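Morning, everyone. Please have a look at this one, and then I'll walk you through a few spots.

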Amino acid sequence: MNRQNNSGAPSLLDEQMMSFLYGMQRIRLAEERIGELVASREVRTPCHLSIGQEAIPVGVCAALNEDDSLWGGHRSHGHYLAKGGDLNAMMAEIFGKATGCARGRGGSMHLVAPAQGIFGTVPLVAATIPLAVGAALSGKLRGTAQVAVAFFGDGATDEGHFHESLNLAALYRLPVVFVCENNLYSTHLTLKERRVKDNIAESAALHGLAGMALDGNDVTAVYRAAHQAVQRARSGEGPTLLECRTYRWRGHVGPAADLGVGADRRRELDEWQRRDPIAQCRALLGAGGVPFDVLDGVTAKAREEIEAAVTFALQSPAPDESELLQHVYAARRGC
Ligand SMILES: Cc1ncc(C[n+]2csc(CCOP(=O)(O)OP(=O)(O)O)c2C)c(N)n1
Ligand SMILES: [Mg+2]
């Protein structure tokens, strides 16, 4: 990859890396801001931050089309943003405002943007996996070339849904990509406390689908693996399981770092912070000749957008009381 050019402007190949940097930086800054707002009690919502894990949604979503569907769980700000969900509508949702993407009814864990293929993020652990399989089956029956992607944590692989879904998807060669974000923890329980073997990716071979384990903090590795998996799905060759290794810098829920959780958390955090996906991406671009002020400009642009989204959310109205029972039950036709 030749990143040198005379003007100091990013070359064409760098443009994709720059868009990865921007995508990751936007997620991180948005989540840092959400963390501050929760800590100061300006917003009241449980929030599950994915700081440290940004390369996975950004790398995977770069391989998707807008009408491919995305299914995320309780920790899905990053997936929503990477797939093209509106930042203002997300921030307003987190504030419980009427302009929120779920009209202020869902909060941080129920993000939705159907026009961008985000039909819902679901905090029931493992629920996204069969939902994505259903979407893939629907696409296949309707003869579209759409691909469905399920994002889920390592904790979700402890559930039966994971295995049932992999089996069904493999059996019907469904166009689905299973993305396991293995951050080594399910709440406060480490992988070692929950499994005899550290072998999530091997579930793919057991159920007869393609699969691989990869460095989830390397955005280009994630993009390449996702691109291949999406091509496979779109061309009728069936599903893929990607186990992406990563680590969340904050606690399971809320903005704190949870350093008291587990004997190893301090050491692990130090180790994984040295593998920061954003710093790695910046270093690659910098080493290739992209000037630091250009890289800093990416951060400044993202920060500006986030502050504008917070202002939008603050100035938005709360939902009207009269709407309380709307959108709760489906209206019966003809009644
Ligand atoms: C079916 C179900 N069981 C338990 C919970 C409580 N719970 C919420 S998040 C979580 C841990 C999930 O861990 P993982 O899937 O690894 O995702 P991570 O939080 O690490 O991103 C649990 C047990 C739940 N929401 N749903
Ligand atoms: Mg986990």
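Let me begin with a question: is Arg173 buried, exposed or partly exposed? Arg173 is partly exposed, because 17 other C-beta atoms lie within 10 Å. The cut-offs: buried takes 20 or more other C-beta atoms within 10 Å of a residue's own, exposed takes 12 or fewer, partly exposed is in between, and C-beta atoms are placed from the backbone.

Some ground rules. This is a predicted model: local features need pLDDT of at least 70, side-chain atom pairs count only at pLDDT 80 or more, and totals for chains, interfaces and linings use all residues. Residues are numbered from 1 along each chain as its sequence is written, while chains are lettered from A and ligands numbered from 1 in the order in which they are written.

Back to Arg173. Its phi is near 45°, positive in a residue other than glycine. Arg173 sits in the loop between helix H6 (160–171) and strand S4 (176–182). Helices (H or I, at least four residues) and strands (E, at least two) are DSSP runs, numbered from the N terminus.

Next, Leu184. Leu184 is no glycine either, yet its phi is positive, about 75°. It lies in the loop between S4 and S5. Leu184 has 19 C-beta neighbours inside 10 Å, so it counts as partly exposed.

Last stop, the strands. S7 (residues 210–215) and S8 (residues 240–245) pair in the parallel sense over 6 bridges; pairing takes at least two DSSP bridges. Leu214 has Cys244 in S8 as its bridge partner.
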